[in-house]
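Open your viewer and get ready to click along. This tour goes from one selection to the next.

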Amino acid sequence: MAKIIPAHSALEEAAAALAAGQLVAIPTETVYGLAADATNGEAVARIFEAKGRPRFNPLIAHVDRFPLAERIAIFDPLSRRLAEHFWPGPLTLVLPLAEGSPVHPLVTAGLDTVAVRMPRGIAQSLIARLGRPLAAPSANSSGKVSGTTAQAVEADLGARIGLIVDAGRTPVGLESTILKVEDGRPVLLRPGGVTVEEIEAFLGMPVERFSGTGIQAPGMLSSHYAPAAAVRLDAREVREGEALLAFGPTRVAGAARAVAMLNLSEAGDLREAAANLFSHIQALDREGARAIAVEPVPRHGLGEAINDRLARAAAPRNDPPGSD
Ligand code: TXA
Ligand code: MG
């Protein structure tokens with residue numbers, strides 16, 4: 001059972017819980033979101049734990065005001081016009097990640113783009129109160145429909161989260177529209193709360209639909225994840241010219257031979273490992289190693305998503321479209 005507090009008296013307690021790295025389910029105008037401080041990797045790792053997502057999909061960074069969005073992402077002129085017109089509201093923009101962005105790499109799943117939106121209402125006030133962006137996927141466990149009432153969220157996730165902010169049924173009732181501007185042309189990645197017709201009428205130009213239907217599957221992004229170095233999984237020894245991505249107390253042979261070494265979690269903590277995963281792979285890749293040898297990571301809990309991501313880094317491939 002999660003504690004359910006009415007929105008009008010929730011700000012202080014919810015902001016304090018988020019600042020402490022806890023998860024809070026919050027109402028947005030679209031659906032309830034399972035929110036965490038987007039600058040805190042371990043807090044973001046808790047989202048994947050609670051949702052039971054078998055993989056790390058990139059999450060939306062929610063902001064309360066435009067200057068915060070500009071610290072997170074780089075706006076082209078068209079995206080800026082869209083944000084000025086439709087924000088706050090159910091439109092998410094996928095943009096290049098800004099240099100020095102405060103958003104943790106686990107939010108973007110290590111991509112060089114980031115999804116940003118400014119929600120309306122209590123969510124916006126909460127972000128203002130916290131003073132940090134919030135990462136928030138829809139508040140449902142993996143494979144279930146998005147929660148649009150506090151009761152639905154409680155029934156699905158209540159056992160796994162501490163706090164739910166209740167503002168009744170969400171007014172829009174389906175997720176935000178996701179749009180990405182490519183070479184000056186707007187491309188729809190997911191239909192949602194703002195219609196394509198509204199966007200076309202405002203811009204005075206057609207919106208392209210991402211080939212086929214619906215969402216840009218995370219797997220379609222998998223080539224972006226691939227490091228320059230080869231990745232060798234479940235390594236028991238380090239070979240010449242390899243960097244080492246360790247996990248737990250290192251037992252791998254020849255560790256001293258490694259060109260560079262980073263440990264996902266010396267204590268063997270999967271939440272810490274999830275928080276370190278993308279930044280460590282990127283850092284080792286910058287060392288110019290021939291290959292990255294990865295020590296075995298257990299497959300339970302968050303280990304499933306960690307191993308999924310490592311497998312993609314080792315052998316990039318495209319997934320069939322899916323959503324969650
Ligand atoms: O209305 C909404 O958008 C709700 C509320 C809580 O804000 N959130 C939501 O989040 O629907 P989620 O995680 O269920 O869906 C976000 C989608 C994911 O399918 C993800 O693949 C996509 O956004 N996404 C996030 N970052 C992306 C990126 N850099 N490039 C492409 N797609 C991205
Ligand atoms: Mg969802």
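Start with R117. Is R117 buried or exposed? Count the other C-beta atoms within 10 Å of it: there are 25. The cut-off for buried is 20 or more, so R117 is buried. Keep in mind that this is a predicted model.

Now color strand β6, residues 113–117. R117 sits in this strand. Next, show the contacts of R117, skipping neighbours within four places in sequence.

Move to A136. Where is A136 placed? Look in the loop between β7 (134–135) and α7 (150–157). A136 is buried too, because it has 28 C-beta neighbours inside 10 Å. Leave out its neighbours within four places in sequence, and its contacts include I26, G33, L34 and H62.

Last stop: ligand 1. Show the 27 residues around it. Which come nearest? They are T30, G33, P58, A115 and P137. Then color the shell by class: 16 residues are nonpolar, ten are polar and one is charged. Finally, highlight β5 (91–96) and β6, which each supply at least two residues of this shell. β6 gives the most, with three residues.

Key: Residues numbered from 1 in each chain as written. Chains lettered and ligands numbered in written order. Predicted model: local features only at pLDDT ≥ 70, side-chain atom pairs only at ≥ 80, totals over all residues. Helix = DSSP H or I, 4+ residues; strand = E, 2+ residues; numbered from the N terminus. Buried ≥ 20, exposed ≤ 12 C-beta atoms within 10 Å, placed from the backbone. Contact = placed C-beta atoms within 7 Å. Near = placed C-beta within 6 Å. Nonpolar A, V, L, I, M, F, W, Y, C, P; charged D, E, K, R; others polar.
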